[in-house]
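Visitor: I would like to learn how to read a model of this kind, feature by feature. Could you take me through it?

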Amino acid sequence: MIIKGSVWKFGDNIDTDVIIPARYLNTSDTQELAAHCMEDYDRDFVKKIKHGDIIVAGENFGCGSSREHAPIAIKAAGISCIIAKSFARIFYRNAINIGLPIFDSTELFNKSEQSDILEVHPQQGLIKNISKDMEFRMNSMPEFIQEIISAGGLVEYTRNEMKRRKHN
Amino acid sequence: MGKTIAEKIIQLHCAKKDIKIGDLIKAKVDFAFANDITGPLAIDVFKQIGSERVYDKNKVTFVPDHFTPNKDIKSAEQSKIIREFSQEQGLTNYFEVGKCGIEHALIPEKGLALPGQLIVGADSHTPTSGALGALAIGVGSTDLGAVLATGEIWLKVPETINFIYNGELNKWVGGKDLILYTIAQIGVDGANYKVMEFSGETIKNLSMDNRFTICNMAIEAGGKSGIIEADALTLEYLKDKTDKNFQLIKSDPDAQYVKVFEYNVSNIEPQVAFPHLPDKGKPISEVGEIRIDQSVIGSCTNGHIEDLRIAARILKNNKVDSKVRLIIIPATQQIYLDAMEEGLLKIFIEAGAVISPPTCGPCLGGHMGVLAKGEKAVSTTNRNFVGRMGHPESEVYLSGPAVAAASAITGKISSPEEVV
């Protein structure tokens with residue numbers, strides 16, 4: 001899998017209230033959530049992004065409320081992955097669990113600008129900034145988390161686990 | 001080498017021996033819950049996994065508290081999903097509107113969170129129950145859905161930061177001021193992935209309600225949980241709430257903390273966190289002139305009876321400023337009833353406040369006090385992010401109940417000393 005898209009750059013402490021305001025949490029409909037993604041940050045964010053684009057952010061991305069509606073909205077809006085200096089704990093788990101790829105790289109954040117084209121090679125642990133002709137290594141995920149990712153998310157992983165237990 | 005409470009609780013709940021910090025383990029969950037926002041997604045996940053019955057009908061609950069009593073048709077549909085699932089599964093505990101309250105106040109009150117337990121909730125303020133010496137961790141809906149199916153959760157054995165508080169609290173300073181002060185010191189990601197253990201003489205002398213408030217806001221520093229060692233006061237609190245056995249777990253004297261912070265609380269004034277992050281706390285003496293349109297006293301953070309008593313002491317024989325709406329929200333029906341019996345509601349109504357049924361409501365801009373463009377609120381809630389209480393151009397200032405009550409009277413953010 002190679003992910004390719006343009007950068008949408010954000011700062012530190014992007015909270016889940018700004019990713020998807022609570023006034024839209026009266027639904028779990030992914031398309032409806034996607035329509036309001038980042039609306040309080042930039043009213044036209046969803047209109048401006050192209051399918052496959054990449055969010056690049058600073059520290060503590062996804063802090064605040066545990067609402068899984070936040071990574072769901074980002075994924076359903078067409079964002080292919082998030083690369084941040086760091087992620088808030090619950091958001092990190094939620095993104096992994098629903099199969100939204102996330103990576104951490106401080107260097108990439110420091111050396112990438114809005115609209116740069118990136119190419120992410122998760123298997124090789126590599127991110128290329130095509131616009132700047134630069135390459136970055138990303139931190140690798142613990143094996144157990146990779147297992148969840150390769151299963152396709154926590155639902156699939158747990159389903160397999162339960163089957164395994166039944167057989168034993 | 002010594003262990004912290006958090007490490008010991010995880011060890012007691014997992015099959016792997018001699019766990020170490022950083023290990024990824026699977027742990028058995030003593031109690032799991034979700035609300036009307038996170039519950040429907042978790043139930044959906046539970047069904048996708050292919051499960052039919054929850055892992056233990058005594059160890060799961062759903063609390064309709066966010067957009068309840070339902071504010072619109074869509075919210076009503078969400079509540080219906082958790083209500084019907086709870087009935088279908090024959091859950092021992094389900095709390096309908098009228099018997100309900102804000103989950104993090106309700107769960108301890110009903111004796112469903114006990115010392116030494118591992119608790120997971122699909123809500124970020126789940127660490128509130130850590131005030132009882134439990135390890136209570138907030139998760140998302142998919143995690144919770146998997147717990148409903150398996151009774152287990154994957155966790156990384158976390159590092160712990162020890163926050164030690166000594167000295168005597170100044171007048172009008174409570175748990176909220178201590179935690180806002182702490183978050184201002186370490187920042188909104190200062191405890192990311194780590195457990196915040198709160199200890200010291202000041203904590204030992206602090207009431208349960210104040211302890212809940214402190215643990216409640218661990219997430220505002222990114223904490224995996226907040227925890228306070230159970231003591232005589234904890235046992236007193238639990239006396240009439242449970243007949244179940246539980247274990248009192250303490251950190252070893254030589255426990256390894258990743259960091260230790262020590263605060264002398266006699267230097268801490270009532271705090272106000274400025275927009276738009278909870279770590280923008282300032283002492284009340286440095287706040288300056290900030291006019292407000294609304295004051296909110298309530299939420300999982302500060303909707304306890306003790307918070308309402310403090311508000312009543314300040315509001316008694318005073319009137320809410322003519323330009324301010326004061327909204328008071330007891331966190332549970334029991335607190336509502338206690339407030340009535342103690343005569344607090346009369347004081348609030350005579351002062352010109354409105355009293356809402358227990359709900360998260362305005363804290364997350366849901367209902368019962370949403371802000372218009374340009375409006376400012378002082379609030380005892382837990383977050384002041386952009387648009388948190390309504391319009392993206394409104395502002396929320398976080399404080400404890402004393403400052404929120406005093407500010408409602410003066411119409412600007414004020415020290416209680418100005419009105420009492």
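**Domains, contacts and sheets**

Guide: Chain B is divided into domain 1 (5-263) and domain 2 (271-418), with bounds that come from an automatic or database domain assignment. This is a predicted model, in which local features need pLDDT of at least 70 and side-chain atom pairs count only at pLDDT 80 or more, while totals for chains, interfaces and linings use all residues. Residues are numbered from 1 along each chain as its sequence is written, and chains are lettered from A and ligands numbered from 1 in the order in which they are written.

Visitor: How many residues of domain 1 of chain B are in contact with domain 2 of chain B?

Guide: Two residues are in contact if their C-beta atoms, placed from the backbone, lie within 7 Å. By that rule, 34 residues of domain 1 of chain B are in contact with 32 residues of domain 2 of chain B. On the domain 1 side, the elements that give two or more residues are α4 (103-109), α6 (175-186) and α8 (208-216) of chain B, and α6(B) provides the largest share, six residues. Helices (H or I, at least four residues) and strands (E, at least two) are DSSP runs, numbered from the N terminus. The centres of the two domains of chain B, taken over C-alpha atoms, are separated by 24 Å.

Visitor: Which residues touch the most other members of the largest nonpolar core?

Guide: A nonpolar core is a set of buried Ala, Val, Leu, Ile, Met, Phe, Trp, Tyr and Cys residues joined through C-beta atoms within 7 Å, where buried means that 20 or more other C-beta atoms lie within 10 Å of a residue's own (exposed is 12 or fewer, and partly exposed is in between). Of the 185 residues in the largest nonpolar core, Ala73(A) and Ile82(A) touch the most other members. Domain 1 and domain 2 of chain B both give residues to this core, so it lies between them.

Visitor: What is the strand order in the sheet that contains β7 of chain B?

Guide: Strands of a sheet pair through backbone hydrogen bonds, either parallel or antiparallel. In chain B, four strands form an open sheet in the order β9-β8-β7-β10, with parallel pairing; two strands pair if DSSP finds at least two bridges between them. Because β9 (225-227) and β10 (259-264) of chain B each have a single partner strand, they stand at the edges, and one side of each is left without a neighbour in the sheet. Strand β8 (residues 195-199) of chain B pairs with β9(B) over three bridges, and Met196(B) stands opposite Gly226(B) in β9(B).
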